[in-house]
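Work through the exercises below with the coordinates open. Each task is followed by a solution in steps.

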Amino acid sequence: MEPVSQEFVCEKFADFYKSSSTEVPAPSLISQREFAFLLFKNRVMMRHESVSSTAALKRCLGEIVPSDVYHSCAYYENPEAEMEKKGWLGADLVFDIDADHIPTPCNKIHDEFICNKCGFDGKGITLETCPVCGGQKFETKTWPCERCIQSAKEETAKLIDMLEKDFGFSEKEIRVFFSGHRGYHVHVEDEAIRTLDAMARKEIVDYVLGLGLAPFDKDESEKTEKRQKSRGFSLSGFGWNKRIKQGMQNFILNATRDDLRNLGLKSNCGIILQNKEAIAHRCLEENRWDCVKGISTETWTKIAKHIKNLESAKIDTVVTTDIHRLIRMNGTLHGKTGLKKIEFPVADLDVFDPFKEAVAFKEGTAKVSVSSAPEFKLSGKMFGPYKNQTVELPTAAALLLICKGRAEVVKQ
Ligand SMILES: [Zn+2]
Ligand SMILES: [Zn+2]
């Protein structure tokens, strides 16, 4: 980013934080949280800050004008002390669902990465290690694409469904946010979870991902004797069992020959296709596994694994298990987009439009020279695609392109 663009972004962020109409909703138990501010200047992170009240926080943001604002999901006796001396009291249970971790059909079009060490580049989800030099640091160019954020939303819906139905949290105890970039955050602040340690949180992560789940894997000993009876896996009632059962029913009832072939099924495709109703209603609903002959345990397992992948929620595991995690603060601007992190009611997840609700700048325009940008929608208006051209855009659209490294400000 050129200095003139950086100055422009910084100016706009200052306008936002200094404006009397900007409301920054403080996190609960504000005085027990650690705060962190990423500064524009030299990208320095100020950590181990503490803030006593909402008013103090607002003042502080107006003075510092950070590029990004975070607070700990943890509560501490002394939030401003160094890590070992903070006195950990507990932490919210937080989940991060980011398009970065979800394979979508379009990420190959708009996301690029390049290895910092050897320059190897590629498109789509960034690799963990470079296949050429083994390096693990990459420069990435992503895009907050509507379709990708929609898939993050679908993962969020699955997670919330599990939190409500399997873990028993009420809608009131679950808070959901658009992250301001390419995904969603889900927070549970209930006292019951506050003191869970990292291991306990890892168990929750495993459950949400369906890790270690094997509804159809049976002991060898059980398999040999009474083979048919050993198939009495009971898919009933509750939790993953119920999710797998319902998922398998939907899948079987709607399956085409290609769907089955894609799972690696060959010889029994015909049997399945001819007995859809019986499989869905008798085998799966009533656990009468032998009423359709010729379907092996292996086949059931393949279908169940496919359903598990569909039903698990693709969360970023590290975020949930880290009991000292810093998380972006609600109501503050995202330095990579100029959009706000914003909370909305769980019940509105379906209809929530981040490209409208998270827009922080609603006035003014700016002239920018765009290197490249795909078509995008902001506040209900379509923009782009652009390629090496100078355009005058509403402030929010200009900021998005500049923050994503796709455009520079043109001084008038
Ligand atoms: Zn490399
Ligand atoms: Zn996309």
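**Exercise 1.** Does cysteine 118 count as buried, partly exposed or exposed, and at what relative accessibility?

Solution. The model is predicted, with pLDDT of at least 70 needed for local features and 80 or more for side-chain atom pairs, while totals for chains, interfaces and linings use all residues. Residues are numbered from 1 along each chain as its sequence is written, chains are lettered from A and ligands numbered from 1 in the order in which they are written, and side-chain values use heavy atoms, without hydrogens and water.

Step 1: take the cut-offs, where buried means under 20% relative accessible area, exposed over 50% and partly exposed in between (1.4 Å probe, protein chains only).
Step 2: cysteine 118 has 37% relative accessibility and so counts as partly exposed.
Step 3: cysteine 130, at a relative accessible area of 4%, is buried.

**Exercise 2.** Which residues coordinate the zinc ion (ligand 1)?

Solution. Step 1: collect donors, which are N, O and S atoms within 2.8 Å of the metal (3.2 Å for Na, K and Ca); water is not among the atoms, so sites may look incomplete.
Step 2: the SG atoms of Cys115, Cys118, Cys130 and Cys133 coordinate the zinc ion (ligand 1) at 2.3 to 2.4 Å.
Step 3: the spacing of these donor residues in sequence is C-x2-C-x11-C-x2-C.
Step 4: the four donor atoms subtend angles of 101 to 114 degrees, so the arrangement is tetrahedral (four donors, all angles between 85 and 135 degrees).

**Exercise 3.** What is the spacing of the donors of the zinc ion (ligand 2) along the chain?

Solution. Step 1: the donors of the zinc ion (ligand 2) are Cys106 (SG), His110 (NE2), Cys145 (SG) and Cys148 (SG), at 2.1 to 2.3 Å.
Step 2: along the chain they follow C-x3-H-x34-C-x2-C.
Step 3: the site of the zinc ion (ligand 2) is tetrahedral, with angles of 101 to 118 degrees among its four donor atoms.
Step 4: histidine 110 and cysteine 145 are both buried.

**Exercise 4.** How many nonpolar, polar and charged residues are in the lining of the largest pocket?

Solution. Step 1: sort by class, with Ala, Val, Leu, Ile, Met, Phe, Trp, Tyr, Cys and Pro as nonpolar, Asp, Glu, Lys and Arg as charged, and the others, Gly among them, as polar.
Step 2: the lining of the largest pocket then has 14 nonpolar, 14 polar and 17 charged residues.

How values were computed:
Four donors count as tetrahedral if all angles lie between 85 and 135 degrees; four count as square planar and six as octahedral if opposite donors are over 155 degrees apart and all others between 65 and 115; anything else is irregular.
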